[in-house]
Amino acid sequence: MHILITGGAGFIGSHVIRHFLATYPGYRVINLDSLTYAGNLNNLRDLESMPDYRFVKGDITDAEFLINLFSEYCFDGVIHLAAESHVDRSIADPTAFVKTNVLGTVNLLNAARSSWKGKYDGKRFYHISTDEVYGSLGKDGLFTEETPYDPHSPYSASKAASDHFVRAYHDTYGLPTVISNCSNNYGAYQFPEKLIPLFINNIRLGKPLPVYGKGENIRDWLWVVDHAQAIDVIFHRGKTGETYNIGGHNEWTNIDLIRLLCCIMDRKLGREAGESAKLITYVTDRAGHDLRYAIDSSKLQRELGWVPSITFEEGLEETVDWYLGNQEWLDNVTSGSYMHYYEEMYGSR
Ligand code: NAD
Ligand code: DAU
């Protein structure tokens with residue numbers, strides 16, 4: 001099987017590639033990534049020499065490039081993760097999100113459609129999306145696959161638009177698509193602009209921990225390795241044209257999560273209890289900040305038998321250990337020196 005994985009040099013994509021290569025010997029995996037600030041080939045160093053893995057640098061906003069790539073490789077499946085993924089960046093610059101998340105997804109759909117030419121047997125286009133498309137919950141309730149879309153940030157609006165295009169290509173052209181909408185991921189290799197790695201990095205360096213608003217917003221956290229496992233079962237056994245929600249049944253207010261993280265970091269760094277929590281600093285809230293996300297993943301559990309493998313406490317300990325054991329990785333991505341390396345290696349394209 002030839003699989004195209006887009007965004008494989010990013011956080012979740014690198015875990016998906018590692019999972020597929022370890023689980024399915026004989027699958028050929030092509031990682032297409034334009035290496036934005038969030039794409040880092042150091043996330044995949046251990047896989048580079050594997051004969052069934054190949055990295056291609058390219059941009060999904062380039063329609064002609066994609067058509068050529070599809071005719072070169074004859075992909076059987078696409079797992080599409082490439083995206084601009086950070087809400088705060090989308091508030092600062094929405095246009096980049098429209099280009100990559102909407103136009104880039106449509107370009108990929110067009111390339112798959114023109115390459116497969118209506119012969120869809122054994123083909124699959126899997127679009128990875130987010131729970132943020134459903135908007136914000138009050139105190140009660142969960143997002144199900146039937147919850148109406150109600151995105152609030154430019155990021156979630158762009159992901160919602162891309163989901164609609166994927167469904168439209170299924171309904172209009174019969175493209176064999178499947179979509180999943182997942183809650184907040186955490187784990188190794190996450191760019192330290194997202195809450196957990198940012199705060200781990202700031203705690204180790206003794207920098208302030210900027211908590212938006214009162215820290216009362218709620219997120220449903222899932223270990224990235226469990227997300228990769230869910231992507232595997234949906235890619236292989238999900239029903240064409242369907243949507244599956246993925247979540248950890250693991251809701252935390254930001255401030256409770258941050259306090260737990262501070263305790264773990266104090267212990268791991270041999271600091272006095274309460275030391276890291278002194279870094280907590282309340283700052284102006286994120287514009288349009290969604291109050292609560294929480295996923296009902298019972299369809300995935302019922303139909304495909306997926307459940308998360310570890311508790312949040314276990315996953316968070318493991319995550320902290322990974323970042324403290326890979327401080328060079330953190331220093332490298334926060335200094336941006338890896339970007340200079342890419343410029344030298346690959347030029348601007
Ligand atoms: P990330 O920002 O870590 O990685 C995104 C990757 O896409 C990077 O390697 C980047 O270089 C690449 N990319 C960006 N623009 C590109 C373009 N124009 N062409 C080719 N490659 C491009 O993101 P992530 O957190 O790993 O998220 C991956 C996917 O999962 C996204 O679609 C995101 O919306 C979705 N998702 C993320 C989470 C989460 O908690 N992180 C949760 C649910 C869904
Ligand atoms: O729900 C899935 C989504 O989760 C994904 O689709 C996104 O790609 C991913 O970035 C994530 O979005 P969030 O906005 O929920 O994640 P983030 O880590 O940016 O923020 C988590 C919570 O922490 C949120 O309520 C905002 C808050 N926060 C975040 C940062 C970076 C702070 O209080 N301070 C911060 O500095």
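A polar contact is a pair of N or O atoms within 3.5 Å, where, within protein, one atom must be able to donate a hydrogen and the other to accept it, and where residues adjacent in sequence count only if both atoms are side-chain atoms. The model is predicted, and local features need pLDDT of at least 70, side-chain atom pairs count only at pLDDT 80 or more, while totals for chains, interfaces and linings use all residues. Residues are numbered from 1 along each chain as its sequence is written, chains are lettered from A and ligands numbered from 1 in the order in which they are written, and side-chain values use heavy atoms, with hydrogens and water left out.

Let us begin with ligand 2. An oxygen atom of ligand 2 lies 2.9 Å from a polar backbone atom of tyrosine 212, and an oxygen atom of the ligand is also found 2.8 Å from an N or O atom in the side chain of asparagine 184. For the side chain of glutamate 132, the distance from one of its N or O atoms to an oxygen atom of ligand 2 is 2.8 Å. Of the 690 Å² of accessible area that ligand 2 has on its own, the protein covers 94%; such areas come from the Shrake-Rupley method with a 1.4 Å probe, and for residues only the protein chains shown count as cover. Helix H6 (195-205) and strand S8 (209-212) are the elements that give two or more residues to the shell around the ligand, where helices (H or I, at least four residues) and strands (E, at least two) are DSSP runs numbered from the N terminus.

How many residues surround ligand 2? There are 24, and the closest are Thr130, Asp131, Tyr155, Arg286 and His289, a residue being near a molecule or strand if one of its heavy atoms lies within 4 Å of it. The shell divides into 10 nonpolar, 8 polar and 6 charged residues, with Ala, Val, Leu, Ile, Met, Phe, Trp, Tyr, Cys and Pro counted as nonpolar, Asp, Glu, Lys and Arg as charged, and the others, Gly among them, as polar.

Strand S7 (residues 184-186) pairs with S9 in the parallel sense over 3 bridges, and asparagine 185 has leucine 222 as its bridge partner in S9. Two strands pair if DSSP finds at least two bridges between them. Strand S11 (residues 251-253) pairs with S9 in the antiparallel sense, again over 3 bridges, and here aspartate 220 is partnered by glutamate 251.

Finally, consider asparagine 31, which is placed in strand S2 (residues 28-33). Is asparagine 31 buried or exposed? With 0% relative accessibility, asparagine 31 counts as buried. A polar atom of its side chain lies 3.0 Å from the backbone nitrogen of glycine 8, and the side chain of asparagine 31 also makes a polar contact with the side chain of tyrosine 53 (3.1 Å).

Methods: Buried means under 20% relative accessible area, exposed over 50%, partly exposed in between (1.4 Å probe, protein chains only).
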